[in-house]
Structure formats: C-alpha cells, structure tokens
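This briefing sets out selected structural features of the protein shown below, grouped by topic. Please read it alongside the sequence and the model.

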Amino acid sequence: QWNQWTSFCRNVAEEIWDAGANWLIMVEGTNSNCDIIGCCWGENLQSAGNNPFTYDTSNYGSDRLVYSPHVYTGDVTGNWQYNDAGFSAHWGYLAENHATNEAAIVIGEFGTRNELKWLGDLVDYLISIDQRNHFYWCLNPNSGDTGGLLQSDWTTEETGKLDVLKKLQPNPSKITVYNDKICISNLGDSATAPNPVSSPVSPPVSSPVSPPVSSPVAPPTSGGGSGTITIKQNVGCQKWWCAIETVPSSDLSKVSKLEYRDDTYTSWVECEKTSWGFTIPRTGGAFSGKQDYRITTSSGRQVNNNVFDGMNAGDT
C-alpha cells in the first residue's frame, strides 16, 4: 500500500508543479496497521524511513515535501491505547535525528472532544522532538466526533483545549488583511522566535463565508397542532459518524431536541443541533444495530420510533 500511495502522490505532485504552482506537497500516512500500538487511519508513516517518498529534485527543486500524519485517540478511532513509543514508531522517528529524512513533519489533523490527558501527552511528545507547528482539528464546534475550539454558540472558547495548545505553540500564526492583501505573521521555526514578520499572500478567489449560526428555538410549550416530521440520515453517514436532517430542511425549526440510541448507545444520547440538522456525538464505539430516535418538538410533544435499520445513508 505504501508504494501504491507514494506513486499516486508523486503523480499528483508533478501534475501540480508542471502546471506552475509553487506548492508544498503534504503526504499523509496510510492504513492503521501500525507496530507497537494501533494507530489512526492516515497515521502510518512507518515505511517512509526505509522507503521514502522521492521526486525529481533537479527538475522541481528541493524542500517541497511534508509528511503529514493524522493523529487521534479513542473518541475518533475507538482505540484508547497510546504512548510516546507509538508516536515515535508511527511517524515521530522521522524528526528524531533520522539520518536521511529531509522532509518536514506537520500533523495534518489532531484533536479530541474532551480527552485532554491524551492531548497534553501528545503535546509533550511534540515539544520533546521540537515539532511545534501543526494543524488542529478543528475550529468549528459541529464536528461530530471531536467538537471544536469554539463551543456551540460559535463564540465561547474551549479554554481547556486552548490552554494545552498554547503550551505547544504560544505564538501561533495570525492572519490579517492589509491593503487588500492577506498577511500571515508569526512564521518562525520555534515557539520562541522573536520579531514575527508578516508575509503577504494573494487573497483567495472564493468569497468569505460566514459561519453557520443556529436559529433560536422556542422553548417547549403545551398544546400545539399535529403533523408529520420526516428525518433523513445524511449522505455522510458512516460507521464512525452520522448526521440527521429534516425533510424539508425548514422543518428543523419544529424540532427542539433529537435523541439517539442503538445497541452501542443503550441510553438516550442527545444529538448536537446545528444550523442544518443534528450530529450524533460518537463516544461509545461504532454504531450498531437498529437506530432509535426520540424527537421533542418545539411545542413540547415527544415521539420515539425505530426509524432506521442500520447506518444507510439517505434513509428517511
């Protein structure tokens, strides 16, 4: 799989460079079949040491490769075991005085809903190998398995996570707009680099998009009429994550709360409401069996049914 993966990445990289884009290429890891201890899908860079990604530096130049694993714990993978030896064996060894590796190491995704012990231990390991600049997943609060750095109001900070990340990088990059240019400052190599320099880059082609804002829902009241509310499993529904929408979407305002249970979640779990529907917070393992949902309407009525038989995207 590693040879197939690097061959594919090389073809993509050369197409990009041949088109004139002066871009870095980030190569993720492969499957989760790691030694020492299980790893996340995309975390496995064990083969990169002895069989590295290569390309024609005489034609494309050097310093264009970034190895970029994805690193998560049990609230995403279902595997709660981890240690520094595992981090090192899976990808960290490439930064630990590896004799031939010339590529940078940048974690493309890492995050958790509330496993701050794991997050702190990962941060300590990254500091120990002097690797401080990475991409955290994610800012927005409606990621079904990790949540975000903002709470559900899209404003209040998740201070517990941010405090840990501040230890990793107390001087993170900042993005500002100046004279129609987007400037990125704090690009030093280390967390203590002085005098950050702003580097202008061309503005993006697409227009900025405002974050979704959940519509206020009226508190439950007694009474109300009758009718039908139809819910649908989102096309993104899979083994580890699921989203639920109302059909039509305008009926979302009729639902004040949606709860879920199955063979894994034996008690009712409240789903997280977004501007477009609901996501199921997966903390107890993979989805399993018939899907039970309990709806509380905005008028205070409560109905529950076995509405889905398995995780089949698009079912209503």
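How many of the eight residues of strand β15 are buried? Seven of them are, and the strand, which spans residues 290-297, is therefore described as mostly covered, buried meaning under 20% relative accessible area. The model is a predicted one.

**Strand pairing**

- Strand β15 is joined by six bridges to strand β11, residues 255-261, and the two run antiparallel.
- Within this pairing, Lys-257 has Thr-296 of β15 as its bridge partner.
- Elsewhere, three strands form an open sheet in the order β1-β2-β4, and the pairing is parallel.
- The edges of this sheet are β1 (25-27) and β4 (104-105); each has a single partner strand, so one side of each lacks a neighbour in the sheet.
- β1 and strand β2 (residues 65-67) run parallel and are joined by three bridges.
- Met-26 has Val-66 in β2 as its bridge partner.
- Helix α1, residues 2-18, lies across β1 and β2 and runs at about 170 degrees to β1.

**Nonpolar cores**

- The largest nonpolar core comprises 34 residues, and those with the most contacts inside it are Tyr-67, Val-71, Trp-91, Phe-110 and Leu-122.
- Two or more residues of this core come from each of α1, β1, β2, α5 (116-128) and α6 (159-168).
- The most is given by α5, which supplies six residues to this core.
- Leaving aside neighbours within four places in sequence, Trp-91 is in contact with Glu-43, Leu-45, Pro-69, Val-71, Ile-105, Ile-107, Leu-122, Tyr-125, Leu-126 and Ile-129.
- In soluble globular proteins, nonpolar side chains tend to be buried together.

**Salt bridges**

- The model has four salt bridges, and three of them are described here: Lys-117 with Asp-121, Lys-167 with Asp-124, and Asp-251 with Lys-254.
- In the pair formed by Lys-117 and Asp-121, the closest N and O atoms are 2.7 Å apart.
- Lys-117 and Asp-121 are four residues apart in helix α5, and so are separated by about one helical turn.
- Lys-117 counts as exposed because its relative accessibility is 58%, whereas Asp-121, at 21%, counts as partly exposed.
- In the pair formed by Lys-167 and Asp-124, the closest N and O atoms are 2.6 Å apart.
- Lys-167 belongs to helix α6 and Asp-124 to helix α5, so this pair ties together parts that are 43 residues apart in sequence.
- Lys-167 is partly exposed, with a relative accessible area of 48%, and Asp-124 is likewise partly exposed, at 34%.
- In the pair formed by Asp-251 and Lys-254, the closest N and O atoms are 3.1 Å apart.
- Asp-251 counts as buried because its relative accessibility is 9%, while Lys-254 counts as partly exposed at 40%.
- Side chains of opposite charge can pair when their charged atoms come close.

**Phe-110**

- Phe-110 lies in strand β5, residues 109-110, and is buried, with a relative accessible area of 2%.
- Apart from neighbours within four places in sequence, Phe-110 is in contact with Val-71, Tyr-72, Trp-118, Leu-119, Leu-122, His-134, Phe-135, Tyr-136, Trp-137, Leu-165 and Leu-168.
- Phe-110 and Phe-135, one of these contacts, are 25 residues apart in sequence, and their C-alpha atoms are 7.0 Å apart in space.

**Ser-62**

- Ser-62 is found in the loop between α2 (57-60) and β2.
- Ser-62 counts as partly exposed, at 48% relative accessibility.
- When neighbours within four places in sequence are left aside, Ser-62 is in contact with Tyr-55 and Thr-57.
- Ser-62 and Glu-102 are 40 residues apart in sequence and 9.2 Å apart in space, C-alpha to C-alpha.

Notes. Residues numbered from 1 in each chain as written. Predicted model: local features only at pLDDT ≥ 70, side-chain atom pairs only at ≥ 80, totals over all residues. Heavy atoms only, no water. Pairing = 2+ DSSP bridges. Contact = heavy atoms within 4.5 Å. Axes fitted to C-alpha atoms, helices over the stretch in contact; angles between N-to-C directions. Core = buried A, V, L, I, M, F, W, Y, C linked by side-chain atoms within 4.5 Å. Buried < 20%, exposed > 50% of the residue type's maximum accessible area, 1.4 Å probe, protein only. Salt bridge = Lys/Arg side-chain N within 4 Å of Asp/Glu carboxyl O.
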